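Me: I have a structure open and some quick questions. Can we go through it together?

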Amino acid sequence: MEKKQMNRVLIASLVGSSIEWFDYFLYGTVAALVFNQVFFVNEDPTVGLMLAYASFALAFFIRPFGGIIFSHIGDRIGRKKTLIITLSLMGAATFGMGLLPTYQAIGIWAPILLITLRLIQGLGIGGEWGGALLLAVEYAPPEKRGFFGSVPQMGITIGMMLGTFALSIMTMLPKDSFMTWGWRVPFILSALLVVFGLWIRKGIDETPSFKAVQERGDIPKVPLVTTLKTHWREVLIAIGAKVVETAPFYIFSTFIVSYATTYLDFSRTATLNSVMVATIVTTILIPIMGKLSDKIGRKPLYVWGAVGMIIFAFPYFWLIHQGSVTLLVIATIIGLGVIWAPITAVLGTMFSEIFSAEVRYTGISLGYQIGAAVAGGTAPLVATALLANFNNSYVPVALYIIFTAVVSLIAIWAVKDRKNQALDQ
């Protein structure tokens with residue numbers, strides 16, 4: 001395939017992924033700073049915060065359903081059409097959030113409408129990730145598949161960076177202005193990004209792998225049933241492998257916002273900036289790690305990252321407890337920037353290589369989204385609950401990070417590296 005088309009595929013994969021995650025993370029950060037006061041109003045601020053985090057977690061539990069619905073479409077009618085639907089759905093939900101009246105204005109309907117839009121976001125992202133990944137991986141030459149598969153993963157951190165950057169600017173407003181209208185601006189402006197993403201995606205052809213399945217007449221009637229019959233082991237491996245990629249990520253990026261501001265007296269801006277610096281480091285490292293996996297394999301990089309999580313869990317909390325903004329930044333860079341990067345860079349490619357083409361969209365979406373539901377959305381909630389139950393001690397939270405790494409190392413024990421092998425067409 002000509003270089004121009006290759007570049008367009010990578011841009012389409014990255015842009016769509018970035019927009020989806022921007023919308024998604026915007027909610028997570030605003031949930032910690034705003035939603036507990038304007039939507040989930042409660043006399044006890046901890047209860048308000050936990051309700052806001054519960055609404056954040058809720059979308060993770062709907063994501064597997066989004067994965068099932070859209071991967072069914074993706075494995076039946078194609079990757080490209082599915083990606084246009086998911087991006088439109090996500091964009092409409094995020095734009096709607098920016099226009100919602102508060103609890104003070106319409107009472108209980110405010111959180112109900114917010115949660116409904118959050119569920120629509122969850123459906124969209126549930127189908128988006130698998131499609132964006134396969135758009136890159138199924139077009140990639142075998143010797144560059146690790147690099148191609150890492151590009152849509154950059155969308156996670158770019159989206160988060162855009163969300164954090166937008167909110168960092170908005171938090172410079174006076175607190176009253178920020179709480180009234182400032183937080184809404186990034187949600188409303190996201191509509192412009194969605195229009196650009198749809199334009200890019202419309203110019204892409206269907207992937208070679210899906211075309212080959214169509215030509216052979218191998219399209220399954222119900223991809224979910226076929227996947228669970230023929231690839232149930234791979235689905236379990238993918239669910240387990242996702243755990244260490246998702247739980248520590250949300251502790252280092254979302255939980256830390258409330259933890260550092262509430263318990264450690266850091267300012268909102270300093271905390272958000274430390275997350276932003278770390279995400280810049282990760283975004284640079286992800287494609288480098290993807291390229292490295294084309295040389296040494298996906299599994300070694302993944303194992304290094306998971307072992308790194310185990311080693312760093314306690315030092316991370318020790319560093320941020322020193323009360324120094326510099327050490328907060330360093331701790332976040334090491335955890336989110338350096339240790340997490342190899343895990344996320346190879347995850348999607350590794351998943352793609354263990355499923356055959358006719359059920360690949362369904363298989364990777366199921367593993368990724370169920371893993372995210374079990375370990376990702378619940379992570380800030382679990383961490384907050386552990387603090388509440390153990391006298392605000394960080395020890396149980398550090399042990400929780402170690403536990404997630406152990407689960408994932410066990411899950412990928414049997415995975416064979418398929419570096420440089422042709423994907424099953």
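Me: Start with Lys211. Is it buried, partly exposed or exposed?
Reply: Lys211 is partly exposed, with a relative accessible area of 30%. Keep in mind that this is a predicted model.

Me: What does Lys211 form a salt bridge with?
Reply: With Asp205; the closest N and O atoms are 2.6 Å apart. Asp205 counts as partly exposed too, at 37% relative accessibility.

Me: How many salt bridges does the structure hold?
Reply: It holds 10. One of them pairs Arg216 with Asp218, with the closest N and O atoms 2.8 Å apart. Arg216 is partly exposed at 41%, and Asp218 is partly exposed at 35%.

Me: Which residues are linked in a network of salt bridges?
Reply: Asp75, Arg79, Glu138 and Arg360.

Me: And Arg201, what is its salt bridge partner?
Reply: Glu128, with the closest N and O atoms 2.6 Å apart. That pair links distant parts of the chain: Arg201 sits in helix 8 and Glu128 in helix 5, 73 residues apart.

Me: Why does Arg201 count as buried?
Reply: Because its relative accessibility is 3%, and buried means under 20%. Glu128 is buried as well, at 1%.

Me: Tell me about helix 8. How many residues does it have?
Reply: Helix 8 has 19 residues. From first C-alpha to last it reaches 29 Å, close to the expected 27 Å. Its buried residues include Phe187, Val194, Leu198 and Ile200.

Me: What covers those buried residues?
Reply: The cover includes helix 1, helix 3, helix 5, helix 6 and helix 7.

Me: Leu192 is in helix 8 as well. Buried or exposed?
Reply: Exposed, with a relative accessible area of 63%. Its C-alpha is separated by 23 Å from that of Leu133, 59 residues apart along the chain.

Me: Over to helix 1. What does Ser18 touch?
Reply: Ser18 lies in helix 1. Leaving out residues up to four places away in sequence, Ser18 touches Gly155, Ile158 and Gly159. Ser18 is buried, with a relative accessible area of 7%.

Me: How do the lining residues divide into nonpolar, polar and charged?
Reply: Eight are nonpolar, seven polar and two charged.

Technical notes: Residues numbered from 1 in each chain as written. Predicted model: local features only at pLDDT ≥ 70, side-chain atom pairs only at ≥ 80, totals over all residues. Heavy atoms only, no water. Helix = DSSP H or I, 4+ residues; strand = E, 2+ residues; numbered from the N terminus. Buried < 20%, exposed > 50% of the residue type's maximum accessible area, 1.4 Å probe, protein only. Expected span 1.5 Å × (residues − 1). Contact = heavy atoms within 4.5 Å. Nonpolar A, V, L, I, M, F, W, Y, C, P; charged D, E, K, R; others polar. Salt bridge = Lys/Arg side-chain N within 4 Å of Asp/Glu carboxyl O.
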